[in-house]
Amino acid sequence: MSLVAEAFVSQIAAAEPWPENATLYQQLKGEQILLSDNAASLAVQAFLQMCNLPIKVVCRANAEYMSPSGKVPFIHVGNQVVSELGPIVQFVKAKGHSLSDGLDEVQKAEMKAYMELVNNMLLTAELYLQWCDEATVGEITHARYGSPYPWPLNHILAYQKQWEVKRKMKAIGWGNKTLDQVLEDVDQCCQALSQRLGTQPYFFNKQPTELDALVFGHLYTILTTQLTNDELSEKVKNYSNLLAFCRRIEQHYFEDRGKGSLSIRLS
Amino acid sequence: MAAPMELFCWSGGWGLPSVDLDSLAVLTYARFTGAPLKVHKITNPWRSPSGTLPALRTSHGEVISVPHKIITHLRKEKYNADYDLSARQGADTLAFMSLLEEKLLPVLIHTFWVDSKNFVEVTRKWYAEALPFPLNFFLPGRMQRQHLERLQLLCGEHRPEDEEELEKELYQEALECLTLLAQRLGSHRFFFGDAPASLDAFVFSYLVLLLQAKLPSGKLQAHLRGLPNLCAYCTHILSLYFPWDGAEVPPPRQTPAGPETEEEPYGRRNQILSVLAGLAAMAGYALLSGIVSIQRAAPARTPDTRALGMAEEDEEE
């Protein structure tokens, strides 16, 4: 968004309080949604829960195409549509709710850096596993991605998306990586997160921030999604403080508020 | 003892030891750790063992060309700049490098390779002058296409509709990233205390390229100049670790008037000579092809006077 449009939108956003009927759109939970999209959606849900803002989750098969930027999830609040965690955080901030106000400048810099780390390594690893690992692609991804569409559209869309993702991997230098190297990168990333978390309850001590929401979204999804092999979740399980962290957020923000079970089971 | 490690990288320009981001990062890391590398600064990427620059030929003859892998190899050979870092600082390194790659790299590519003014006046000019014949004709264009494609894939799919807005968004994020780096650095000499680490090598290479190259349209450069601690950080590392490379440029820069005024009288003389030569060539061609002919007026008069004289004689007789 240009600067003028952004300022305009912030003004409008600030003018109205958070409505009761805000909705979050994602793909179909049982049959369609993939690992990376589920992680992103869960991160946004966790963030909104932490801000104490009510949100209803609606599943649509064409959520990806409805979204203004092509990425899920996106939220529909009042008469505005915002997609992806970054813009959603800014939008919510314009409405007057923010989790990172109490941080000083250096901590804000670190928070942004760690969020980029998760996006750079964990998200890319998830995409790699879903679209570039032949076993997973054949057994899980193709079938799930194309499930709402009739033949031959399901195959065409799946191949198109796979080609796109492979191009992107090549551009950022992941095209030649093997699965083992990718898993090693995931391990490095988890190690960094675990060291940063240490023994604290949240990344910036007492209060959760958007970084906690993002990390929770990705790690929880990795831990609870069944893939062709368990290597990815094994890498995360090596770090006990990360497991405790996920459990804590799940209990505090999801179970206590009666949101019910979050996990999806892939067969 | 096996053969020493050899590093092939782009040569220097604009006051820097190297003009390429990756080469600069690897060189800086090597200087930080004091790794005994034989550095070949070349301008012909086809001469390097892997076809791209930078490239490291290890002591066992293996060739590595991905910058991160080069640094990992140096670490394995016990030239580790991150040895003294705590676990938490190591985690911070990873996080900040991701931040650099996501926020600053796209804009750097855009500034040097996509922005048309910068590309024509700075980047392409340097590469066209530095590359040997006949590579200088097609290689800069090919490199630009590769970078453009990389940028398109990095930035996502909404390019066709709002390129201007995407550019503004990119620059805004980059400005934020620079401010964040400045805040993280504070008043320390390096990011993690008093000794440089691998993060410093990467941050330095990104920042110094932006700072030193004379860009005609450099909004990011202007913003960076407004962050004094980052500028001091760059000049400090440049003077400490690359003193002779940095010193190559100041003499020509300090006396810009000298060479220019010397050229002037020669320039004027050359101009006059070339104009005269042009005129002479035109006149010679005109005479030789008969467009212009010179006739002598004097012999035409004497037959008249003789004729008059004869007429007078006739009249007399």
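**Figure 1. Overview of chain A and chain B.** In chain A, 76% of the contacts with a separation of 6 or more link residues 24 or more positions apart, a contact being a case of heavy atoms within 4.5 Å. The corresponding share for chain B, again among contacts with a separation of 6 or more, is 72%. The model is predicted, so that local features need pLDDT of at least 70 and side-chain atom pairs count only at pLDDT 80 or more, while totals for chains, interfaces and linings use all residues. Residues are numbered from 1 along each chain as its sequence is written, chains are lettered from A and ligands numbered from 1 in the order in which they are written, and side-chain values use heavy atoms, with hydrogens and water left out. Chain A has 11 helices and 4 strands, and chain B has 13 helices and 4 strands; helices (H or I, at least four residues) and strands (E, at least two) are DSSP runs, numbered from the N terminus. Of the 267 residues in chain A, 52% are buried, whereas in chain B 42% of the 317 residues count as buried; buried means under 20% relative accessible area, exposed over 50%, and partly exposed in between, with a 1.4 Å probe and protein chains only. The accessible surface is about 12100 Å² for chain A, with 51% belonging to carbon and sulfur atoms, and about 17600 Å² for chain B, with 56% belonging to carbon and sulfur atoms; these areas come from the Shrake-Rupley method with a 1.4 Å probe, and for residues only the protein chains shown count as cover.

**Figure 2. The open sheet of chain A.** Four strands of chain A form an open sheet with mixed pairing, in the order 2-1-3-4, where two strands pair if DSSP finds at least two bridges between them. Strand 2 (56-59) and strand 4 (80-83) of chain A stand at the edges, and because each has a single partner strand, one side of each is left without a neighbour in the sheet. Neighbouring strands of this sheet are turned against each other by 25° on average, direction ignored; axes are lines fitted to C-alpha atoms, for helices over the stretch in contact, and angles run from 0 to 180 degrees between N-to-C directions. Helix 2 (residues 35-50) of chain A packs on the sheet, where it touches strand 1 (23-26), strand 2 and strand 3 of chain A, and its direction makes about 165° with that of strand 1 of chain A. Helix 4 (residues 85-94) of chain A also packs on the sheet. This helix 4 touches strand 3 and strand 4 of chain A, and its direction makes about 135° with that of strand 4 of chain A.

**Figure 3. Strand pairing in chain A.** Strand 1 and strand 2 of chain A are parallel and are joined by 4 bridges, and within this pair Gln26(A) has Cys59(A) of strand 2 as its bridge partner. In a regular strand the side chains alternate between the two faces of the sheet. Strand 1 of chain A is covered on both faces, with Thr23(A) and Tyr25(A) buried on one side and Leu24(A) and Gln26(A) buried on the other. Strand 3 (residues 74-77) and strand 4 of chain A run antiparallel, with 4 bridges between them, and in strand 4 Gln80(A) is the bridge partner of Val77(A).

**Figure 4. The interface of chain B with chain A.** The contact takes 27 residues from chain A and 23 residues from chain B. The size of an interface is often given as the accessible area lost when the parts come together. Here the two chains bury about 2500 Å² between them, 57% of it on carbon and sulfur atoms, where buried area is the accessible area (1.4 Å probe) that two parts lose on being put together, summed over both. On the chain B side, Arg88(B), Leu94(B) and Leu153(B) lose the most area to chain A, together 22% of what that side buries.

Figure 5. Leu108(B) lies in helix 3 (residues 87-114) of chain B and is buried, with a relative accessible area of 4%. Leaving aside residues up to four places away in sequence, Leu108(B) touches Leu21(B), Tyr206(B), Leu209(B) and Leu210(B). Gln221(B), in helix 8 (residues 219-225) of chain B, counts as buried at 6% relative accessibility. The side chain of Gln221(B) reaches the backbone oxygen of Ala213(B) at 2.5 Å. With residues up to four places away in sequence not counted, Gln221(B) touches Leu210(B), Leu211(B), Ala213(B) and Leu215(B).

**Figure 6. Pro17(B) in its loop.** Pro17(B) is found in the loop between strand 1 (5-10) and helix 1 (21-33) of chain B, and it is buried, with a relative accessible area of 1%.

Key. A polar contact is a pair of N or O atoms within 3.5 Å; within protein, one must be able to donate a hydrogen and the other to accept it, and residues adjacent in sequence count only if both atoms are side-chain atoms.
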